[in-house]
Amino acid sequence: MTLIETMAGVPEGSRLGQALKARAEILRLSEAAHDAVLVPREPGGLSHGLRAALAARMCRHVGDAALTAHYESYLAHSHDLDVVALAEPGGACGNALDDAMARHADLLTLSPREATRQDIETLKAAGVSEADIVRLSELAAFVNYQLRVVAGLKLLKAVEAR
Amino acid sequence: MSKVVHTFTAAIPTWSPYVTPVELASATPEQLAAMKVTPSNKGVSPYVLTLAHDPESLEVRSPLFNMIMYGKDGLSSAERELGALSASIVNRCIYCTAVHASRFIGLTGQNDVVEDIFADERDATLETRQQALFDFATKLSTTPIEATADDALKLANAGLSELEQLDIVLSAAIFGWANRLMHTLGEPRA
């Protein structure tokens, strides 16, 4: 079972469960995308620990406790103690690069519509490389996708159960 | 000299990145594979060249995006475009909005629906089924997520099957992803 299915908890025998079966390849690719942004072979300037911490932070912003716990467990396994504080909204770790990336993850989660060229310039000025800016954006974009698929499925499940 | 586009339009602008795209000539084999560059396909957009900085993500996202937006059964293409449009309005991605408004019009001929959405954004008044899709998809796109079981019930009441309901979740969510790249890594120019 993929992470999205585990989180949504849709009964297999329900009509929504059958619909998920018809979209099995989409769920499989969503899981592959999770692995590509959380534990990539080439992490660049975003360690696996930092990625898990930022993912947990974004899940807290949206209020999904189960997904937060999932990313907290990735963070614990990374043994990266330096970035633990970033898993909480408002948390900072004292490393200018990582803190700038955490603030950008906040922006992409809370108010992406407000993002401008200046926000990318701020990251560059903090020393974040262009490749890392793209890696960070993909991480934040994926986590927000996953949060919405899970939230949407839970709502559809609740309606079918009525 | 082109100018940055700040208002919703169905005329597709160009997209100009804030970061330096990967250069095709110096791309790694992994980046070329993720961009699907072959000897017969060398036309790669600045957007894809920008995302090639993270080839592991790009390689998975492209087929995922295509499967969600262009799958054969389930929700109609036009209604998937409406899902894309809904998220893009909430996230104010001018470029994504233009592309998917234009596709919606191409599939339905309903210029008036797009004009209403551009004028009133999330307050747009649409016919019952489109309203249910638009309201659910926009409310799923906000942070915090505003969609409720009552919004989902309106999908069922409008006659959407479970597969169609799943497809509107997926098309709105994948644009939560696309908007966060396109709108934040570059700007639309015309």
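I worked from a predicted model, in which local features need pLDDT of at least 70, side-chain atom pairs count only at pLDDT 80 or more, and totals for chains, interfaces and linings use all residues. Residues are numbered from 1 along each chain as its sequence is written, and chains are lettered from A and ligands numbered from 1 in the order in which they are written.

**Chain contact.** I found 50 residues from chain A and 45 residues from chain B in the contact (C-beta atoms, placed from the backbone, within 7 Å). On the chain B side, H2 (46–51), H3 (55–70), H8 (149–157) and H9 (162–185) each supply at least two residues; helices are DSSP runs of H or I, at least four residues, numbered from the N terminus. H9(B) gives the most, with 17 residues.

**H3(B).** I looked up its span: 16 residues reach 22 Å from first C-alpha to last, close to the 22 Å expected at 1.5 Å a residue (1.5 Å times one less than the number of residues). Its buried residues include B:Leu58, B:Val60, B:Leu64 and B:Ile68 (buried: 20 or more other C-beta atoms within 10 Å; exposed: 12 or fewer; partly exposed: in between). The buried residues of H3(B) pack against H3 (24–38) and H8 (130–161) of chain A, and against H1 (29–34), H2, H4 (77–90) and H9 of chain B.

**A:Asp99.** I placed A:Asp99 in helix H6 (residues 96–110) of chain A. A:Asp99 is partly exposed, because 17 other C-beta atoms lie within 10 Å. Leaving aside neighbours within four places in sequence, A:Asp99 is in contact with A:Ala92 and A:Cys93.

Note on methods:
Contact = placed C-beta atoms within 7 Å.
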